[in-house]
Every structure is written in C-alpha cells, then in structure tokens.
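This briefing goes through a single protein chain topic by topic. Cut-offs are given where each term comes up.

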Amino acid sequence: MPLVETPERLVVVHRDKQLLADASATRLALACADAQASRGMAQIVLTGGSMGSAIIASLVASPLRNAVDWTMVEVWWGDERYLDTGDPDRNETQARDAGLDSLGLDAFRVHPMAGPDRAGSTEQATALYARELASGIRGPDPRGVSVPDFDVVMLGVGPDAHVASLFPGHPALKSQAAAVAVHNSPKPPPDRVSLTFRSLESGRQVWFLVSGDDKADAVARSLGGASREEAPAGSVHGRESTLWLVDRAAATNLR
C-alpha cells in the first residue's frame with residue numbers, strides 16, 4: 001500500500017477497488033469510534049457512486065462495525081440528484097441498497113436531501129437541507145459555516161475532476177452558502193443539490209475515494225495544482241487532514 005505525500009495531502013494507493021473499499025470501511029469505522037470517544041457522536045458525509053456503495057457494503061461485512069455505536073452517528077450526503085425518494089439513481093437509494101440501514105442507525109440521524117416528492121423545486125430542496133444542516137450544529141458555530149462539525153467528509157471524483165455536484169466552470173462553484181442548487185449539470189440529471197466548498201472543507205478529515213483508470217487524469221490534475229475552475233476536487237482540503245484513497249488504476253498518471 002504505497003504512500004505518497006503531497007503538500008497538505010496524503011495519497012494512499014491500494015491494489016484494486018475491492019481492497020480500497022475494504023480498507024476505507026475499516027478506516028471509517030475507526031474514525032467514527034475515535035470521534036465518539038472524543039465527542040460522544042460521529043458526523044459523517046457520504047459520497048455516492050459505485051465507490052460509495054462498495055464502502056458501505058464492506059462496512060456492513062466488517063467485524064469492526066461493532067466498534068461503533070451507530071445510533072450516535074449522524075449521516076449526511078455531499079450531494080444528491082433531484083429525483084423522487086427511492087429512485088435508483090439517487091445516492092441515498094444506492095447507499096440503502098448497499099446495506100446502510102442494516103448498520104442500526106437512528107433514522108432521525110440520517111439526513112437525505114429532498115427530491116420532487118418532498119420539495120417543489122431544487123431551490124426549495126436546497127433551502128430545506130441548509131436548514132437541516134444548521135439544526136445539526138451542537139453548541140457554538142465558531143467557524144460560521146452553519147454546518148455540523150463533520151468528522152469525515154467522503155468524496156468521489158468524476159472523470160472531469162468534479163466533486164460532489166460542483167463541476168468545472170459551473171456557476172455553483174462560487175456559492176458561499178452551505179448548500180447550492182445546481183442546474184444544467186453536464187452530467188445527468190441536470191438538477192441537483194450539493195454542499196458547497198465551504199461546507200465540504202468544514203470537515204475535520206476529507207477523504208477522496210477514487211477507483212478506475214477513467215479517473216486517472218482527474219486525479220493527476222487535482223493533485224497537480226490545476227485551478228478550482230478546471231479541477232474542483234483538487235481545491236478541497238480537510239481542516240485536519242486530506243486523504244486521497246485510490247486504487248492503482250486511478251493512480252496511473254501520478255508521478
């Protein structure tokens with residue numbers, strides 16, 4: 001498992017996607033247990049896509065899941081497609097299908113983003129999530145971001161180096177709110193809700209989870225200093241640490 005240090009970031013290269021998922025699930029269980037030991041609760045932000053689902057499936061199968069009190073874990077999402085609850089293309093649906101509910105979470109601590117069945121527009125869904133984020137703050141908000149004190153923010157990276165639903169050159173990149181409505185997404189569906197850079201970077205730890213040679217160029221550009229407009233993923237950093245957890249295929253273009 002090679003380690004590559006870059007300024008303010010650590011890149012960990014795993015042999016393949018399954019090993020990446022298993023190792024990341026172990027890492028997540030330990031991070032949640034540490035957060036609960038320190039603060040009584042863990043706050044995590046899930047990512048979507050096949051990698052996000054693979055990590056949840058690995059976590060469900062891991063004996064280390066028993067090290068966590070899942071009733072004291074708050075679960076959020078980094079972004080969501082503006083689709084009805086239960087739609088198979090929603091990140092929430094894919095996470096539940098992968099076994100999220102079998103962890104024994106408190107349903108009131110699981111915070112999916114609203115779709116058309118719960119909100120009349122993408123803007124309304126965004127406002128609802130911003131309100132929910134603000135209500136999840138425990139104690140003072142010295143950072144002034146109006147989001148909970150996330151322990152781990154997990155993120156995927158698209159082949160174009162987008163992160164959450166923040167795409168290269170898109171107007172949503174400039175939002176200073178906690179969440180933003182995304183229209184005309186270059187990747188279907190066109191309407192989405194996303195956390196902003198301010199929210200993503202409020203995480204103590206930010207983990208990028210990337211698999212596949214189709215992501216190799218995006219990984220290299222993100223770690224190579226490309227601008228936020230060109231490679232949004234490369235400009236996101238955790239308050240305490242930033243990890244790029246990738247497989248060999250995704251690391252192909254790294255020097």
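T242 is buried in this predicted model, at 4% relative accessibility; buried means under 20% relative accessible area, exposed over 50% and partly exposed in between (1.4 Å probe, protein chains only). Local features in the predicted model need pLDDT of at least 70 and side-chain atom pairs count only at pLDDT 80 or more, while totals for chains, interfaces and linings use all residues. Residues are numbered from 1 along each chain as its sequence is written, and side-chain values use heavy atoms, with hydrogens and water left out.

**T242 and its surroundings**

- T242 sits in strand 10 (residues 241-247); helices (H or I, at least four residues) and strands (E, at least two) are DSSP runs, numbered from the N terminus.
- The side chain of T242 comes to 2.9 Å from the backbone nitrogen of G238. A polar contact is a pair of N or O atoms within 3.5 Å; within protein, one must be able to donate a hydrogen and the other to accept it, and residues adjacent in sequence count only if both atoms are side-chain atoms.
- Leaving out residues up to four places away in sequence, T242 touches E8, R9, L10, V206, F208, V236 and H237, where contact means heavy atoms within 4.5 Å.

**Nonpolar core**

- The largest nonpolar core has 77 residues, and F208 and W244 have the most contacts inside it. Such a core is a set of buried Ala, Val, Leu, Ile, Met, Phe, Trp, Tyr and Cys residues joined through side-chain atoms within 4.5 Å.
- The most is given to the largest core by helix 1 (residues 17-39), with eight residues.
- Among the residues that W244 touches are R9, L10, V157, F208, V219 and A233, with residues up to four places away in sequence not counted.
- L28 is a residue of helix 1 and counts as buried at 2% relative accessibility.
- The contacts of L28, without residues up to four places away in sequence, are I44, L59, V152, M154 and W207.
- L28 and E74 are 46 residues apart along the chain, and their C-alpha atoms are separated by 13 Å.

**Helix 2**

- Helix 2 (residues 49-61) has 13 residues and should span 18 Å at 1.5 Å a residue; its end C-alpha atoms are 19 Å apart, which agrees. The expected span is 1.5 Å times one less than the number of residues.
- The buried residues of helix 2 are M51, G52, S53, A54, I55, I56, S58 and L59.
- These buried residues pack against helix 1, strand 3 (42-46), helix 3 (91-97) and strand 9 (205-210).
- D69, in the loop between helix 2 and strand 4 (73-77), is partly exposed at 37% relative accessibility.
- Between D69 and A33 there are 7.7 Å in space, C-alpha to C-alpha, and the two are 36 residues apart in sequence.

**Loop between strand 6 and strand 7**

- S175 belongs to the loop between strand 6 (152-155) and strand 7 (179-182) and is buried, with a relative accessible area of 16%.
- A polar atom of the S175 side chain lies 3.2 Å from the backbone nitrogen of A177.
- S175 is in contact with V180 and T196, leaving aside neighbours within four places in sequence.
- A161 is in the loop between strand 6 and strand 7; its phi is near 70°, a positive value in a residue other than glycine.
- A161 is buried, at 0% relative accessibility.
- A164 is also placed in the loop between strand 6 and strand 7, and has a positive phi of about 50° although it is not a glycine.
- A164 has a relative accessible area of 11% and is buried.

**Cis peptide bond**

- Most residues other than glycine have a negative phi, and most peptide bonds are trans.
- The peptide bond from P188 to P189 is cis, with omega near -5°.
- P189 lies in the loop between strand 7 and strand 8 (192-195).

**Whole chain**

- The chain has six helices and ten strands.
- Its radius of gyration is 17 Å, close to the 18 Å that the globule rule gives for 255 residues, so the chain is as compact as a globular protein of that length. The radius is taken over C-alpha atoms, and the rule is 2.2 Å times the number of residues to the power 0.38.
- Of the 255 residues, 55% count as buried.
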